[in-house]
Amino acid sequence: MNIVSALSKITNRFRRPQESAKFAKERLQIIISHERTERDQPDYLAALQRDLLDVIAKYVAINKEDVHVELERQEGCSILELNVVLPKLQAE
Amino acid sequence: MVKIIVVTSGKGGVGKTTTSASFAVGLASRGYKTAVIDFDIGLRNLDLIMGCERRVVYDFVNVIRGEATLNQALIRDKHTKELFILPASQTRDKDALTLEGVAAVLDELGKTFDYIVCDSPAGIERGAQLAMYFADSAIVVTNPEVSSVRDSDRMLGLLSSKTKRAEEGKGQISEHLLLTRYSPKRVANGDMLSLADVNEILAIPLLGVIPESQAVLRASNSGVPVIVDSESDAGQAYTDAVARYLGEEVPFRFLQEKSHWLKRLFSFKEKEAV
């Protein structure tokens with residue numbers, strides 16, 4: 001056992017360490033693309049989402065995650081997309 | 001027409017002041033009348049890097065408050081003609097800089113100067129916002145390191161929306177990437193983001209690459225901007241960057257690891273043999 005661990009210590013010494021720059025690049029690409037989409041959204045979007053949630057919650061039991069508000073910009077106009085997932089309707 | 005350049009980064013310690021100082025010297029030594037302004041109110045440091053800390057009498061905030069004239073506050077550089085420094089105030093008053101005050105100072109400088117270099121503080125607070133607000137172009141100083149690259153991208157977002165030009169719909173300010181503290185050896189080892197990596201992520205035109213260099217600390221120790229040290233790699237890289245800013249085509253240097261002297265000796269012998 002001791003010999004094995006001693007041997008692996010020696011081989012580890014000669015092994016090249018992982019190239020960390022690759023991880024740095026991957027992590028940056030993910031977080032930056034995420035932050036860029038958030039950056040382009042107006043400040044009121046979060047508040048709007050909250051208010052919409054409150055209104056809908058008055059009538060239907062929904063969770064915070066069930067309301068998606070997105071603003072898509074196209075040339076000449078912006079499209080506000082509202083996506084609400086309602087729970088299964090129960091027969092009354 | 002005066003051109004206002006902001007040197008910014010978001011993250012601290014990446015080389016904004018070093019870059020501001022060297023860039024201002026570079027522009028002035030080309031014959032352009034240049035002013036470099038320290039926007040880091042409360043943490044004045046450009047004066048140290050420029051080596052004029054003992055000649056500061058009045059500062060930026062004194063001028064804004066009307067306690068001194070601009071001419072009284074501007075410090076003439078000892079080494080470079082046409083170069084003037086406007087030091088930051090050491091006040092702890094966060095609201096010392098005002099939009100109107102900064103506008104008035106820049107307006108007055110604009111009457112006689114060709115270039116105004118604004119050395120932004122780190123962060124995204126008022127000093128940083130005001131440093132970029134009136135800019136025509138931005139130099140984004142970035143280290144090949146995750147937090148610096150991310151912060152630079154945040155700054156690019158602010159530059160595209162929170163400037164006078166953007167607000168008035170006069171088009172984007174021009175953005176330039178300056179990669180500093182670059183170590184070709186560590187890039188070759190796979191332990192540092194490469195120029196190509198950073199370029200791909202930030203996607204703005206590259207102005208220059210400043211290698212990690214002993215000369216930068218030596219320069220700040222002695223209060224002489226590193227660009228003045230024309231023997232040094234960093235100094236030469238800054239000279240190249242200034243030339244590129246002025247529209248000249250200059251090949252990039254210092255992107256490869258310096259080869260060992262033994263290797264160089266052998267390659268020399270090989271050439272001789274041929």
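In the predicted model, helix α12 of chain B buries Asp233(B), Ala234(B), Gly235(B), Ala237(B), Tyr238(B), Asp240(B), Ala241(B), Val242(B), Ala243(B), Arg244(B) and Tyr245(B). Because 11 of the 13 residues of α12(B) are buried, this helix is largely enclosed by the rest of the structure. The end C-alpha atoms of α12(B) are 18 Å apart, which agrees with the 18 Å that 13 residues should span at 1.5 Å a residue.

Two packed helices are described by the angle between their axes and the distance between the axes. For α12(B) and helix α1 of chain B, which comprises residues 16-29, the angle is about 65 degrees and the axes lie 9 Å apart, and the crossing of α1(B) and α12(B) is right-handed. On the side of α1(B) the contact is made by Thr18(B), Thr19(B), Ser22(B), Phe23(B), Gly26(B) and Leu27(B), and on the side of α12(B) by Tyr238(B), Ala241(B), Val242(B) and Tyr245(B). By class, the residues of this contact divide into 6 nonpolar and 4 polar, with no charged residue.

The axes of α7(B) and α10(B) come within 10 Å and cross at roughly 30 degrees, which makes α7(B) roughly parallel to α10(B). The crossing of α7(B) and α10(B) is right-handed. Here Val149(B), Ser152(B), Asp153(B) and Leu156(B) of α7(B) meet Val198(B), Ile201(B) and Leu202(B) of α10(B), and the contact has 5 nonpolar, 1 polar and 1 charged residues.

The burial of α7(B) extends to Ser148(B), Val149(B), Ser152(B), Asp153(B), Met155(B), Leu156(B), Gly157(B) and Leu159(B). The cover over these residues includes a segment of the other chain, α2 (20-39) of chain A, together with β1 (3-8), α6 (126-133), β6 (137-142), β7 (174-182) and α10 (195-202) of chain B. Chain A itself comprises 3 helices and 2 strands, which follow the pattern α-α-α-β-β along the sequence. Of the 92 residues in chain A, 16% are buried; among contacts in chain A between residues at least 6 apart in sequence, 31% join residues at least 24 apart.

Helix α6(B), which is part of the cover over α7(B), is in turn largely enclosed by the rest of the structure, because 6 of its 8 residues are buried. These are Gly127(B), Ala128(B), Leu130(B), Ala131(B), Met132(B) and Tyr133(B), and they pack against β1, α5 (99-112), β5 (115-119), α7 and α8 (164-167) of chain B. In the loop between β5 and α6 of chain B lies Ile124(B), which is partly exposed because its relative accessible area is 38%. Not counting residues up to four places away in sequence, Ile124(B) touches Gln129(B), Arg154(B), Met155(B) and Leu158(B). The C-alpha atoms of Ile124(B) and Asp151(B) are separated by 9.8 Å, although the two residues are 27 residues apart along the chain.

Attention may also be given to individual backbone positions. Most residues other than glycine have a negative phi. Glu82(B), by contrast, has a positive phi of about 70 degrees although it is not a glycine; Glu82(B) lies in the loop between β3 (75-76) and β4 (83-86) of chain B and, at 31% relative accessibility, counts as partly exposed. Phi of Phe254(B) is likewise positive, near 60 degrees, in a residue other than glycine. Phe254(B) is found in the loop between α12 (233-245) and α13 (261-273) of chain B, and its relative accessibility of 23% counts as partly exposed.

Asn62(B), finally, is placed in helix α3 of chain B, residues 60-64. Asn62(B) counts as buried because its relative accessibility is 15%, under the 20% cut-off. Not counting residues up to four places away in sequence, Asn62(B) touches Val57(B), Glu67(B) and Ala68(B).

Note on methods. Residues are numbered from 1 along each chain as its sequence is written. Chains are lettered from A and ligands numbered from 1 in the order in which they are written. This is a predicted model: local features need pLDDT of at least 70, side-chain atom pairs count only at pLDDT 80 or more; totals for chains, interfaces and linings use all residues. Side-chain values use heavy atoms; hydrogens and water are left out. Buried means under 20% relative accessible area, exposed over 50%, partly exposed in between (1.4 Å probe, protein chains only). Helices (H or I, at least four residues) and strands (E, at least two) are DSSP runs, numbered from the N terminus. Contact means heavy atoms within 4.5 Å. Axes are lines fitted to C-alpha atoms, for helices over the stretch in contact, and angles run from 0 to 180 degrees between N-to-C directions. Angles under 35 degrees count as roughly parallel, over 145 as roughly antiparallel, 65 to 115 as roughly perpendicular and the rest as oblique. A crossing is left-handed if the near helix is turned anticlockwise from the far one by less than a right angle, and right-handed if clockwise. Ala, Val, Leu, Ile, Met, Phe, Trp, Tyr, Cys and Pro count as nonpolar, Asp, Glu, Lys and Arg as charged, and the others, Gly among them, as polar. The expected span of a helix is 1.5 Å times one less than its number of residues.
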